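Subject: Structure for you to look at

Hello,

Here is the structure I promised to pass on. Please open it alongside this email and follow along.

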Amino acid sequence: MKFSINNLSKSYERSHKALDNINIEIGQGMFGLLGPNGAGKSTLMRIAATVQLPDEGEIYFDEINVLEDPMSYRKLLGYLPQEFGIYQGMNADELLDYFAILKGISSSRDRKMITDKVLEMTNLLDVRKMHVSKYSGGMKQRFGIAQILLNDPKIIIVDEPTSGLDPAERKRFLNLLREIASTNIIIFSTHIVDDIKDLCNDMAIINKGRILKTGSPTAAVKELDQKIWVINIDKNELEEYTRLHRVISSKFNEDNSLSVKVYSEEKPSAEFIDADPGLEDIYFTVLETDKHTVR
Amino acid sequence: MFIPIIKFELRLWLKSLSFYFYSFVFFLAALISLSGAAGIFGEGSGSTGIANSPIDILSTAIFFNKLFLLLIPVIIGTVISRDYLSKTNRFLFSYPVKKSDYLSGKFTNGFITVIFISILVMSGMALGLLLPGINSDQVIGFDLSVYLQTFFLYLLPNLFLVTVIVFTVVLRTKNIYSGFPAVIILLLLTKLISGIMFSTGFGFPEITADPFGEIYFENKIKYLSASELASISIPFGFEYLINRIFWMTIASLVLCYTYKKFSFTVTEKIKERSFFKKKELLSESKTSFRSLDIKFNYTFSQNIRSIWRLSQYDFNYITRNLSFRILALIGAVFIAVLILKGNTDTGVKLLPVTWTIMSIPFLFYSLLIIFLTFLYSGLLINRSESTGMKELECMTPAPDFVLYFSRLTALIKIQILMLLIMMISGILIQIYSGYYNFDIGNYIYTLFGIHLIGFVIWAVLALFIQTLVTNSFTGLIILVLIFLGLDNVPIGDAGSLVLKFNRNPEPDFFLKYSEISGFGHSVYPYFVSKLYWVLFCMVLINLTIIFNKRLKADLISERIKNVNLRFYGKKLMPLTGLMALFILSGIYIYSEKKNESEIILTEKQKSEYMLNFQNEFGKYDSFPQPRIVLLNFNMDIFPDEKSFTAEGFYILVNKTNYVIDKLLLKSGYDENTSYTFSEGTELEAYDSVLKFSVYKLSKGIEPKDSIKLYFSIKNISNTILTQNSNVLEDGTFIKSNIFPHIGFINLKNENKLNPEDSISHLNHYQRYDSDLINIEATVSTSKDQIAIMPGILMDKREQNGRNYFHYKSEGNIKFVLGINSGEFNIYQESYKGKELSIFYYKDHSNNINNFADGIKSAFDYNTEYFGEYQHSNISIVEFPRSEGSYATTSGNTIQISEIRFINDTGEDGEENTDISFYTAAHELTHQWWGNQIIPADAAGALMITESITEYITAKIYERKFGREKALGFLKIQYDRYLKGRAEEVDKELPLMYVSPEQTYISYGKGSITFYILSEYIGEDNLNRILRSFLEKNKFQGPPYTTTHEFIRYLKEETPENLHYLIYDLFESSDFEKFSEYYKKLDGNSN
């Protein structure tokens, strides 16, 4: 099972390229797309979900040319947009039946069966008769997953599903995704590094419409071994340090001093201590590197 | 905070494209309507003849007031939706904005926009009169005060009231579309008030209860003639002031209420249920999801099933909506009111037969259905986008056409539901009226078989427009403009058939339904035209699917790109094919229709043609012509083929003192006629459009000599678009215009010569080519039908599976023929030695006794006062209402429209006029007044026939039902007079010079005039004078009698001190005096 994006570009206005020559190859498992707000994640996700067209480029899912034959692809696709609304005055049963029809489930008996099943899986059975437009944030996200599951998709695209969820909800939600991911491709975008850390076997970091880094999170972390250094400084010194070193992140300690992480192939000076790199460091390193890249 | 909110909001308006669109459209419409009334497109159309008379300015403003009913919900909806749609309400309500600032800001903003556009409308009206090309005769000087009065007294208060109501409803329901149902409900309620209260006039309570002040206005101008209208100023008075104060108070109270009830609390309360926290999200024990055996099916048949299932969801969405339910309910109530009240408006009440039940409310109801279609098409198309569910829907593998057709199907279901509501309301009304002859088949055939397709075609257009534009409001306005605009495009018959979207070939086609002949031929052109537009709809459907809004596109360029992508697919081929097919069939229909309809299309072309004709043929005008003295023919009527043939001859006698060597012949328009002569002839000139020919006789006809003219007539064959013959499957009614006319085409308006001019005495008022003639004929028809025509039935036989009837006139009669054929039931009765027969359609037996009574009463009255009835029998024949709603007499037959056979005479004590009795009495009275005495072709002719007949009918009515009923009957005539007078474009003529089209004088005023006279000199005296006038002139040839002679007669027979009365009533057209006489008459009864 392979999902590949080749040379994909999309611009909204002539000057502003939302996506710039994107190339990604994704295999089975969970794929995380990490990037700050406005990086082009949602545009990429929408194009991958065939709800928006790119200016250029190709998308393949196994043998299917997605842009030329979107219908065959959509039969295998599940998609949860970052934000979505729901027809008012309809309950979960009705809405899932509605989506099941759209997804081509012909018999009403089958639709009933699958609706029961996905409601059970997403733990919405008790609120099935409640109007979905009145659901809470977490319930609504789970309803989003429920509608994804209706057509037993081979590829699932979820766009920032965890934003707006409280930590407990978020955890449950990610578990649900992992459960489904066992046999499928799941592409999910986020700006929260922790989302990727525990879940994904593959990932890409995107910023300003370009892919900055791809690979498995473990391998990426390994790459930074012996390259991340930390030092405690006074907050007034930050400016100077930023000038001298490649500062990737900083945070306040309890004593109000500043703990600064820098990237360096070698130990910058004796005061620096070798730090255990994490996924977050990769993210910031990549973004920091990007800042200095001249296009 | 108030001012910033307004500024902020106004800036939003100025940035919005739709604001400019609405402003432009309203301004342009105002400009066009006034410049059009002032004759910029040719003839002007102001009600007063002056385009900018105060009344016309006000009427135009009131018309625009109606359009504003549509625009205000758009504006208010937009203003409020800016918060709710963009969800800024959640933020805004947490800012330190005061409720009063927020509400008044919103309201002021909406109202300012409304006022701005209404000022544009007023200035458009003023500027329209400055355009080049207007007719300066139809414009008076600009008067600012008229515009100001119109604006401040009428327009502004109404706009305020509507804005308040819409604002309240939208805020209360939190549904930005709910303004539309609200204004419709308001409009319907207003009409309901005037409908329920409509009786003889409007009093103070009705005027006050009318929220728009229109009743006051209409009351003021109701019976004014054009010249009176042109001179009055904007109506304003105490009653109106009260009305305005009343409604402005209500509007203010409603506004206060809204303010009090409004709360900033966001109502979208989100409740977290406690069970959620107790349960684990996933339990391992649950069976795997993949073990389910779910079948996915993407076949065509599955798609069709999906369309049906999905449409049910859309249908539920609409029908669960409260405003839809209210509208449907009000629609049903309105149907009931229209039928129950509308039916008795004229004092004549029809039985609630199925077609009346459907046709009375149909116009109103179809407008409602079309409006709902326009509104809900937008809501359905934009629903997934506006709720944010679009992306979820978009990524499913459902084909585009499934999504499209599910919406179309939902709209059609809504239309069907509305029609079902109409049908059920209709049946309930029938039950309520005690009429149990339910014709369910007719309901279903008419509503669903015939009319549904027209609504569906509108639905397709609505979905197309709503797909092209980004918001439902703009779509709705465009659709309404298309709908209204179509009426005002000036193109000919053939052009409008193929160019005016979804226009019925015959606009009043519904009104032509007859229980005898059904819809007749008109269903063929109807379905041809609908099929043609269905072809167009298939193009539209393809385009709508291509232009769909499924993919995300924030920019127009992106949308165009999406469309392009779909366009270059395989859809292009069928689309081009369909388009070509549509255009080809359009050309075909156009050329067919153009061939059939005469070259003459417009009034202008017609008068040009007649001018040319006059130049070329005018020289024949003065040629002496022989007169018809005998007509003999054989006619074969073929009801199944809807055709007939006739062969026969005239005997023409030279009654002049000159030798006649040219014969001028005019044959029927819809027939092919060929001639053979007993003498040698040569065709000298021919006009193929008017079918006018001039033959040169090789041997002239000497004075008192005669020739035979043989003719052979066949109707021009019917085509699918046009029926050229009068023959129907059942209920055929052929008139004498199929037979050739002798003499020059009468270009002068008939019956307009001065009665003192002796030239007018040469011809009688109905024909200029014959006096009284002898008619003999054999008419054949199919074996299940009977043929009836004037004369005595000499012989009846069956031959070759057809029925033959041989008729011969008793003595000589006027050449006015009615030939009927149909499957009739026959009622027969012998009365005082005369045979009475009534030929009627099988279901129409309700009024037979009333007809018979009318005949007998009229027979008794007329024989008592005016002498013998000249025939041995009298026959009444029913004809379908598609041929007219009138009654007429030819020889010893009376043809009466179906509509008078379904008269509801009601229970005793009801106020209904017995129209059947009246009709029969009126027509029989014509045997004396019209058939025995025949007036000359001069002004006032109809006073002798119709006024006297109506007067006698009133007396017969009085004798039968009492004076009160007779006065009720005269009241109807008086109202008819007032109405006709108000619509008169020329000046009102005195009764003795009445022209034929002024029936409000000849029937309305005339009947009352004679009745008043009988009050002054006594019924017996008046009738004695009438009789001696009759005796002197009956059965005469030329010179024919005139009103001039009659008045002389009258004056001789009445005392001199009453001559002023004769002058006032007959010779003058003094309205005030006449009204006084009438009112005295009414006073006598109290």
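First, a term you will need: a residue is buried if 20 or more other C-beta atoms lie within 10 Å of its own, with C-beta atoms placed from the backbone. Keep in mind as well that this is a predicted model.

Chain B overall
By that cut-off, buried residues make up 42% of the 1086 residues in chain B. Chain B has 33 helices and 20 strands. Now take the contacts in chain B between residues at least 6 apart in sequence. Of these, 76% join residues at least 24 apart.

A sheet of 4 strands
One open sheet in chain B has the strand order E5-E6-E3-E9, and its pairing is antiparallel. Which strands stand at the edges? They are E5 (681-687) and E9 (741-742) of chain B. Each has a single partner strand, so one side of each is left without a neighbour in the sheet. Look next at E3 (660-666) and E6 (692-701) of chain B. They run antiparallel and are joined by 6 bridges. Lys662(B) has Lys696(B), in E6(B), as its bridge partner.

A sheet of 5 strands
Another open sheet of chain B runs E16-E17-E18-E20-E19, with mixed pairing. Here E16 (825-831) and E19 (887-890) of chain B are the edge strands. Again, each has a single partner, so one side of each lacks a neighbour in the sheet. On average, neighbouring strands of this sheet are turned by 15° against each other, direction ignored. E19(B) pairs with E20 (893-897) of chain B over 4 bridges, in the antiparallel sense. Within that pair, Ala887(B) stands opposite Ile896(B).

H26 (915-925) of chain B lies across E18, E19 and E20 of chain B. H26(B) runs at about 30° to E19(B).

Where the chains touch
How many residues does each chain give to the contact? Chain A gives 47 residues and chain B gives 43 residues. Several elements of chain A supply at least two residues each, among them H2 (70-75), E6 (77-80) and H3 (92-102). The largest share of chain A's side, 6 residues, comes from H4(A). By class, that side has 22 nonpolar, 13 polar and 12 charged residues.

Domains of chain A
The domain assignment gives chain A domain 1 (2-216) and domain 2 (226-276). Their centres, taken over C-alpha atoms, are 38 Å apart.

Best wishes

Definitions and conventions
Residues are numbered from 1 along each chain as its sequence is written. Chains are lettered from A and ligands numbered from 1 in the order in which they are written. This is a predicted model: local features need pLDDT of at least 70, side-chain atom pairs count only at pLDDT 80 or more; totals for chains, interfaces and linings use all residues. Two residues are in contact if their C-beta atoms, placed from the backbone, lie within 7 Å. Ala, Val, Leu, Ile, Met, Phe, Trp, Tyr, Cys and Pro count as nonpolar, Asp, Glu, Lys and Arg as charged, and the others, Gly among them, as polar. Domain bounds come from an automatic or database domain assignment. A residue is buried if 20 or more other C-beta atoms lie within 10 Å of its own, exposed if 12 or fewer, and partly exposed in between; C-beta atoms are placed from the backbone. Two strands pair if DSSP finds at least two bridges between them. Axes are lines fitted to C-alpha atoms, for helices over the stretch in contact, and angles run from 0 to 180 degrees between N-to-C directions.
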